[in-house]
Amino acid sequence: MITVFGSINMDLIATTDRLPKPGETVAGNGFATAAGGKGANQALAARRAGRYVHMAGAVGRDSFAADALALLDEAGTDLSLVEHVDGPTGTALILVGGDGENMIAVVPGANGLVTSADAETAIGGMSEGDILMLQLEVPVDAVERALSAARAKGITSILNLAPLIPDAPRLGRLADIVIANETEFERLAGQEGMDAQAREAALVRLHQETGQTLIVTLGGDGVVAIRDGAISRAQGLKIEPVDTVGAGDTFCGYFAASLDEGLDFASALRRAAVAGSLACLKSGAQPSIPTSADVAARI
């Protein structure tokens, strides 16, 4: 079983020919809303990958709440651990440029009211060998409590170091598996501007210090990881991206699902990388997450 403890948002997405520079206004050419939040995205990805998934988090008592949960509910995700609290549902304001790159501002809303007690509740129904997946869009103390409780129960914890908050390096040391992009990994390693060789050396150093499985996503260059002392690499697909929003979350959800299914590490990386690539071919975070059949066909 996979439990995702994290954020649930409504994404407000504007498209432009190019992203604005600081202080600049550019004309938009499209607008849409879509369910999002890194926690919800990863939960839906794991569910679409074919696994049984609990989503734990919070939404507000507003008009966004039902829409934010709609695709999770439609996919058969267990939502019994989602609380409805006073105030707004979390929102993400997203600008997508003509080349598919994006800029995002996240307003926590109900996500900011998730507590350590909620973490205890989420872990309470889990058993040794289950998988807990977390991100950093809910309060730090709740994430820390979830990670500590998971370790005490023998639950495998996967922490995606996004967004890159000041506590990310410290919290990263508490997880069994850490997933980060290039920038996030540089913060974790305490070293900026790494080339491929420096990144691999940092992976080896951190792995020797902590024994953790470390995974670095590299966008179009695939993924590099270390587990049990061995470096692994995997490639996604060569694509022309439409929208990269949600690609990292799709990778995380598919990776967790693949481990839960019993795939070996290399196969899990490859499947997750292909899923992340496919997520770049449609707009929106959750609408773009591929099904297991889509991914299998491309592999």
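Student: What should I know about the model and its numbering?

Tutor: The model is predicted: local features need pLDDT of at least 70, side-chain atom pairs count only at pLDDT 80 or more, and totals for chains, interfaces and linings use all residues. Residues are numbered from 1 along each chain as its sequence is written, and side-chain values use heavy atoms, with hydrogens and water left out.

Student: How many helices and strands are in the protein chain?

Tutor: Helices (H or I, at least four residues) and strands (E, at least two) are DSSP runs, numbered from the N terminus. The protein chain has 10 helices and 13 strands.

Student: What does the radius of gyration say about the protein chain?

Tutor: The radius is taken over C-alpha atoms, and the globule rule is 2.2 Å times the number of residues to the power 0.38. For 299 residues, a compact globule would have a radius near 19 Å; the protein chain has 18 Å, which agrees.

Student: Which residues does UniProt place in the "binding site" feature?

Tutor: UniProt positions follow the numbering used here, feature names are shortened, and annotations may be inferred rather than shown by experiment. The unreviewed entry lists Asn-181, Thr-217, Leu-218, Gly-219, Gly-220, Asp-221, Gly-222, Gly-248 and Asp-249. From this set, the lining of the largest pocket takes in residues including Asn-181, Thr-217 and Asp-249. A pocket is an open set of points on a 1 Å grid over the protein atoms alone, where a 1.4 Å probe fits, with protein on both sides within 12 Å along at least five of seven lines; lining residues have an atom within 4 Å of a point.

Student: Is Thr-217 buried or exposed?

Tutor: Buried means under 20% relative accessible area, exposed over 50%, partly exposed in between (1.4 Å probe, protein chains only). Thr-217 is buried, at 19%. Asn-181 has 30%, so Asn-181 counts as partly exposed. Thr-217 lies in strand E11 (residues 213–217), Asn-181 in strand E10 (residues 177–181).

Student: Which residues does Asn-181 touch?

Tutor: Contact means heavy atoms within 4.5 Å. Not counting residues up to four places away in sequence, Asn-181 touches Val-216 and Thr-217.

Student: Which members of the largest nonpolar core touch the most others?

Tutor: In soluble globular proteins, nonpolar side chains tend to be buried together. A nonpolar core is a set of buried Ala, Val, Leu, Ile, Met, Phe, Trp, Tyr and Cys residues joined through side-chain atoms within 4.5 Å. Here the largest has 45 residues, and Ile-215, Phe-251, Phe-255 and Leu-269 touch the most other members. Helix H9 (residues 265–278) gives the most to this core, with 8 residues.
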